[in-house]
Amino acid sequence: MTADAGPLSSEPVSREPEDEPALRAAGAEDTTRRQELAAFLRSRRERISPEQVGLPRGARRRTPGLRREEVAQLSAVGVTWYTWLEQGRAIRVSAQVLDAIARALLMDPAERGHLFVLAGAGDPRPDYDCPLRSPTALRLMHTIAPYPATLQNARYDVLAHNRPFAQVFGELTELPARERNCLWLLTTSSRWRETFLDRDEMLRDLIAKFRVGMAEHGAEPAWKERLDGLLAESAEFRELWERHEVATMSPHVKRYRHPEVGLLSLEHRNLWMAARPQAHRLVAYVPADDETERRLVRLTELSGA
């Protein structure tokens, strides 16, 4: 005699995979992003007159701005393909095509950046004009003196620096352009190796942050060139890179041994100058204690500035 197992059913039991809600959410997010991209492209197309791009207006034009076929012609892409893009269809779009569309639609840097974000693609021309080297940004950088300060991009290229930075860390304008990069200098510079008391920790942290940036910009030539150069130059960098460590931006205090004024404890503070994905920023090296403040003032006096 067997125990009653209860009513049996011939219908299969349907169970939702544990990751199904996440997949649905990702799909909905992707759909929303494509719709935003479509609406953004339509709005940019409709604001541009044919005369702005060298096309005749014609007597019977009713479409505000450019027609889809005109954008396709200017971008050297198929009309059907561009139409699908404006309809929010799930099609793949390359960075090169997005670049051509951005040019055809006369997008400014902010619009171009927004286009690539919506399309989920890396910009092959990440160093387009930005507010980073504007007179206002440069004036702010120099006003921070006697604190060291730089203007940097997401790859840690030092695009400009003030006089106190040169007094503490060295005059970077004397170096080739490809070497004016914090990650490169931490990896290769004997001066930075000797002066930065926390150099090993700093290098590991900077590489971890650079890896986060590479995840977003890895398809961009400038990023690939920087990574390839560091991998070729330094066995130490290769070893740390293979650890696959990641880190985020945060204020932190680092120590430097200056040959003239002694120990400097400086807190790194970032002021973002453009959209976060590009990470254009002013980096200020602020004294972490009163003694460092006095020593920076003393360094300015010694230099006669």
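**Aromatic pairs and helix packing**

The structure, a predicted model, holds 11 aromatic pairs. In one of them, Phe169 and Tyr256, the ring centres lie 4.9 Å apart and the ring planes stand at 75°, so the pair is edge-to-face; the cut-off for this class is over 60 degrees. The pair joins distant parts of the chain, with Phe169 in helix H7 (residues 163-169) and Tyr256 in strand S3 (residues 252-258), 87 residues apart. Phe169 has a relative accessible area of 3% and is therefore buried. Tyr256, with a relative accessible area of 1%, is likewise buried, since residues under 20% fall in that class.

The rings of Trp192 and Phe196 are arranged in another geometry: their centres are 4.6 Å apart and their planes meet at 25°, so this pair is stacked. Stacking requires planes under 30 degrees apart. Trp192 and Phe196 are both buried. These two residues belong, together with Phe165, Phe169, Tyr256 and Tyr285, to a cluster linked by ring pairs. The edge-to-face pair of Phe169 and Tyr256 and the stacked pair of Trp192 and Phe196 thus both involve members of this cluster.

Packing between helices was examined for H10 with H11 and for H2 with H4. Helix H10 (residues 199-217) packs with helix H11 (residues 221-233) at an angle of about 140°, and their axes are 10 Å apart. On the H10 side, the contact involves Phe210, Gly213, Met214 and His217, which meet Trp223, Arg226 and Leu227 of H11. By class, this contact comprises 4 nonpolar, 2 polar and 1 charged residues.

Helix H2 (residues 68-75) and helix H4 (residues 95-104) pack at an angle of about 120°, with an axis separation of 8 Å. The crossing of H2 and H4 is right-handed. Val71, Leu74 and Ser75 of H2 form the contact with Ala100, Ile101 and Ala104 of H4. The residues in this contact are 5 nonpolar and 1 polar, with no charged residues. A charged residue is present in the contact of H10 with H11.

How values were computed:
Residues numbered from 1 in each chain as written. Predicted model: local features only at pLDDT ≥ 70, side-chain atom pairs only at ≥ 80, totals over all residues. Heavy atoms only, no water. Axes fitted to C-alpha atoms, helices over the stretch in contact; angles between N-to-C directions. Helix = DSSP H or I, 4+ residues; strand = E, 2+ residues; numbered from the N terminus. Contact = heavy atoms within 4.5 Å. Nonpolar A, V, L, I, M, F, W, Y, C, P; charged D, E, K, R; others polar. Phe/Tyr/Trp six-rings, centres within 6.5 Å; stacked < 30°, edge-to-face > 60°. Buried < 20%, exposed > 50% of the residue type's maximum accessible area, 1.4 Å probe, protein only. Left-handed = near helix turned anticlockwise from the far one by under 90°.
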